[in-house]
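Dear colleague,

Here is the structure I promised to pass on. My notes on it follow below.

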Amino acid sequence: MKKLKKQKNKIMKLPINGHKYTIRFISGAKVDLGSTDSEILGAISMRNCEIVLEHDMKDSKLLEVLIHEVLHGITHGSSLEMNETQVQVLANSLYQLGFGEYLWEKAGGKYDS
C-alpha cells in the first residue's frame, strides 16, 4: 500500500447521501471524543456533516476507520439499524477489498510517494 499523506491543515470532502461531508484530522483528542475505558479513533457528526479522524494511526487503520464512519453516515436514518459490531465487520471487509483507498482518493487524499 502507498503511504497516505495526512495533512492536519488540509480539509478533505466526501459526498455521503447527497451531503458534502468535511474530513479533518485531529491529534490527542481521544479524551474529548471517548471515555476513560475506550479509545475513539474517528467520529461522524450528521448535524455538521463532518468526519474527524485521529491523525496518529497506521495508514491501514485510518482507511478502515474512514470506511467505518462513512458507513455510519450511509446508514443514518435508514431502516438498516446496524450495531457497532456489524458496522466494524463490514468496514473491515470493505477495507480488505480496497474500498478505503477508493474513499481516500475520492475525498482528494494524496500519497507520499
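At the start of helix 3, the backbone nitrogen of threonine 85 has a side-chain oxygen of asparagine 83 within 3.0 Å. Bear in mind that this is a predicted model. Helix 3 covers residues 84-96, and its 13 residues should span 18 Å at 1.5 Å a residue; the C-alpha atoms at its ends are 18 Å apart, so the two values agree. Just after helix 3 comes glycine 98, with a positive phi of about 90°.

Next, the packing of helices. Two packed helices are described by the angle between their axes and the distance between the axes. For helix 2 (residues 59-75) and helix 4 (residues 99-106), the axes come within 9 Å and the crossing angle is roughly 80°. An angle of 65 to 115 degrees counts as roughly perpendicular, so helix 2 and helix 4 are roughly perpendicular to each other. On the helix 2 side, the contact is made by Leu62, Leu63, Leu66, Ile67 and Val70; they meet Phe99, Gly100, Glu101, Leu103 and Trp104 of helix 4. By type, the residues of this contact are 8 nonpolar, 1 polar and 1 charged.

Last, the aromatic rings. The whole structure was searched, and 2 aromatic pairs were found. One of them joins phenylalanine 25 and tryptophan 104: the ring centres are 6.1 Å apart and the planes lie at 55°, so this pair is tilted. Phenylalanine 25 is in strand 3 (residues 19-26) and tryptophan 104 in helix 4, so the pair links parts of the chain that are distant, 79 residues apart.

Regards

Conventions: Residues numbered from 1 in each chain as written. Predicted model: local features only at pLDDT ≥ 70, side-chain atom pairs only at ≥ 80, totals over all residues. Heavy atoms only, no water. Axes fitted to C-alpha atoms, helices over the stretch in contact; angles between N-to-C directions. Helix = DSSP H or I, 4+ residues; strand = E, 2+ residues; numbered from the N terminus. Parallel < 35°, antiparallel > 145°, perpendicular 65-115°, else oblique. Contact = heavy atoms within 4.5 Å. Nonpolar A, V, L, I, M, F, W, Y, C, P; charged D, E, K, R; others polar. Expected span 1.5 Å × (residues − 1). Polar contact = N/O pair within 3.5 Å; in protein donor to acceptor, adjacent residues only side chain to side chain. Phe/Tyr/Trp six-rings, centres within 6.5 Å; stacked < 30°, edge-to-face > 60°.
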